[in-house]
Amino acid sequence: MSNDAPNVHAFQAEVAQVLDLVIHSLYRNKEIFLRELISNASDALDKLRFAAVTEPALAEGHALEIRLIPDAEAKTLTLWDSGIGMSRDELVKNLGTIAHSGTKAFLAANAGGSGDLNLIGQFGVGFYSAFLVANRVEVVSRRAGSDEAWRWESEARDSFSVTPAERDVRGTTITLHLTDEHADFASDWRIRSLVERYSDYVEHPIKLVSAPEDDEAGEPSIETLNREGALWMRSPSDIDDDAYEEFYKHLTHDWEASLARTHFKIEGNQLFRSLLFIPKRPPFDLFDREAKHGVRLYVRRVFIMDDCDDLLPTWLRFVRGVVDSDDLPLNVSRDVLQDSNAARIIKKQLVKKVLDLLEDIAKNRPEDYIGLWNNFGRVLKEGLYFEPEHRDRLSKLLRFASSHHPTEQTSLQQYVERMKDGQPAIYYALGASRATVEGGPHTEALRSRGYEVLFLTDPIDQWAISNLEKFDDKPLVSVASADLDLDAAASDDDREKAREADAKRAEELTSLTDRFAAVLGDRVSEVKLSRRLSDSPVCLVIPEGGLPSHIERLLRANNQDVPKTPRILEINPDHAVIRGLERIDRGGKSGEDVAELVNLLYDQALLAEGSPIDDPARFARGMTRLMSTAVSSGRAKKSSAKPTDAAASEAREPEVVE
Ligand code: ADP
């Protein structure tokens with residue numbers, strides 16, 4: 001067949017790549033092809049049943065079932081279903097392209113077979129798994145309601161053909177021409193054991209059609225292999241782990257077991273059943289706004305829609321599963337669901353059950369919870385921001401890095417248990433990385449008091465935490481906030497004394513702070529004395545309502561228009577550098593010298609909070625000048641030291657003698 005014949009189509013480029021990946025990464029799990037194809041057939045039956053709700057004639061002509069027909073002699077395995085079928089265009093589109101929005105990115109990340117191949121299952125590659133065992137695949141399909149049938153056929157990995165065909169009833173027949181190596185998939189016993197293992201939960205009958213024992217005897221035997229019936233309708237005590245996990249894989253195309261599940265029935269003014277899972281790993285497109293999520297919705301066992309996102313909030317978008325409602329109308333659509341009271345009630349219950357599940361994992365499987373948090377914590381934090389009504393429960397699920405431990409994360413509860421006597425608040429430092437905040441000037445005073453600091457380095461933390469004013473009655477306070485008060489526990493008397501001392505020192509330093517303000521102009525909103533510093537001469541703090549600088553940069557990088565908030569420069573009145581500047585200022589020394597030092601201090605404060613500096617060249621010049629002074633005075637002190645080699649001695653400048 002030549003490639004330019006009108007019925008020959010090239011696969012979309014991504015398909016060929018995905019095929020390659022599937023074949024290379026799954027060679028050890030080839031048998032999963034059967035589950036994938038049965039899963040597709042079962043979906044097609046579900047879709048037919050749904051379409052028949054409004055057009056009952058579509059379901060006439062044949063019962064809903066899946067047939068598996070192994071033929072050892074021909075070395076073929078045929079999967080037959082009486083589902084919705086595909087039109088010619090659908091064959092071309094569904095089996096020739098991959099619709100998934102994240103596919104390109106996924107392929108790029110996995111180029112050369114690196115990366116996490118367990119994720120391929122999420123890309124709707126189910127059908128292509130047929131090529132794990134077959135070198136030629138034929139699909140004959142007839143769309144429900146149409147008399148036309150079409151044959152899709154492919155052996156190569158880069159093209160397929162579509163030609164007219166015959167099929168007596170609606171549905172799809174997939175014939176796998178097995179490779180010699182996989183000819184055993186054409187045997188009855190192999191198919192029987194695979195279906196029992198992988199597809200027992202499928203709701204539609206799966207029938208094995210065996211060739212007659214004796215060629216003359218005519219009629220093939222037909223045997224139903226699965227128990228049928230929706231798994232979620234059974235009582236949890238009748239379902240073992242394997243059945244749950246196989247159902248999970250069938251539902252999600254994940255090739256790994258789930259991390260946790262919850263299976264329940266809710267009675268009351270909305271009767272529904274649900275089976276929800278938390279995957280072990282995040283899907284590739286967890287942060288892709290276009291990505292689909294949500295549960296699979298059934299109404300009285302009739303499949304209604306996939307990815308129903310009206311029943312789960314976006315901050316639980318990693319949860320997968322089914323909801324089967326007894327009370328929603330069969331013709332319920334997304335539009336109707338959107339403002340339906342019933343949907344709101346179901347959603348509320350789902351959120352409650354997922355939170356129960358998360359709490360249970362956090363309490364009883366802490367190791368697993370860490371994994372879950374690392375994968376989905378960012379998404380859960382969105383809940384704090386968008387749905388403050390769940391704040392109390394969500395806040396207990398939060399985990400943060402903290403100064404308490406170099407690698408382990410802490411819960412707020414654990415933080416509170418470790419709080420020092422008299423410690424007035426829970427302190428956190430927002431920044432781009434642990435390294436920028438950990439040793440930064442803002443945490444100095446806390447460190448010296450032995451107060452623990454949470455390191456909030458995820459961009460969403462800024463928003464998540466803004467909705468969490470208190471935990472266990474303790475206020476949450478940013479170490480960079482302008483009104484940081486570390487001594488809330490001090491007596492009123494002591495506070496008054498401290499205030500007086502501060503006022504006096506501020507008075508003494510007025511001339512210097514005015515100079516700072518004059519040099520820095522509109523780069524800062526204010527210059528004032530600090531009580532939070534010990535080792536650093538200055539730091540920048542955020543005025544009330546301002547955003548941390550790394551967040552401002554992030555928003556700007558995302559093309560958002562954020563006004564630059566000028567920060568408050570706090571100076572440490574007891575620091576040697578500030579005292580030195582005070583002397584220079586009093587001595588009326590040249591304004592230029594002071595200006596250069598003020599600029600350097602400001603730049604250094606920017607660097608300490610992880611911000612870029614406005615004029616790196618000016619900073620470098622200033623530093624060089626300072627270093628020259630430092631080395632020359634250093635050398636003067638050690639002038640007796642002998643040069644160790646000629647180069648060093650040549651490089652020496654004339655000795656500075658004091
Ligand atoms: P996925 O099932 O994840 O979408 P697949 O590659 O397995 O990805 O299938 C692609 C599409 O082909 C399906 O979404 C479905 O529309 C269609 N399809 C596959 N098998 C069948 C079938 N037996 N009957 C009807 N449509 C099918």
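The questions and answers below concern a sheet and the helices beside it in a predicted model.

Visitor: Which strands stand at the edges of the open sheet of five strands?
Guide: The open sheet has mixed pairing, and its strands follow the order β10-β11-β14-β12-β13. The twist from one strand to the next averages 15 degrees. Two of the strands each have a single partner strand, so one side of each is left without a neighbour in the sheet, and these edge strands are β10 (258–266) and β13 (302–308).

Visitor: In which sense do β12 and β14 pair, and what is the bridge partner of V299?
Guide: Strand β12 covers residues 295–299 and strand β14 covers residues 320–325, and the two are joined over four bridges in the parallel sense. For V299, the bridge partner in β14 is S325.

Visitor: Across which strands does helix α2 lie?
Guide: Helix α2 is formed by residues 32–54, and its direction is at about 110 degrees to β13. The strands that α2 lies across are β12 and β13.

Visitor: How is α2 oriented relative to α5?
Guide: Helix α5 spans residues 188–198, and its axis is 10 Å from that of α2, with a packing angle of about 65 degrees. Because angles of 65 to 115 degrees count as roughly perpendicular, α2 is roughly perpendicular to α5.

Visitor: How many charged residues take part in the contact of α2 with α5?
Guide: From α2, the residues L34, R35 and I38 meet I191, L194, V195 and Y198 of α5. Divided by kind, the residues of this contact are six nonpolar, no polar and, for charged, one.

Definitions and conventions
Residues numbered from 1 in each chain as written. Predicted model: local features only at pLDDT ≥ 70, side-chain atom pairs only at ≥ 80, totals over all residues. Heavy atoms only, no water. Pairing = 2+ DSSP bridges. Axes fitted to C-alpha atoms, helices over the stretch in contact; angles between N-to-C directions. Contact = heavy atoms within 4.5 Å. Parallel < 35°, antiparallel > 145°, perpendicular 65-115°, else oblique. Nonpolar A, V, L, I, M, F, W, Y, C, P; charged D, E, K, R; others polar.
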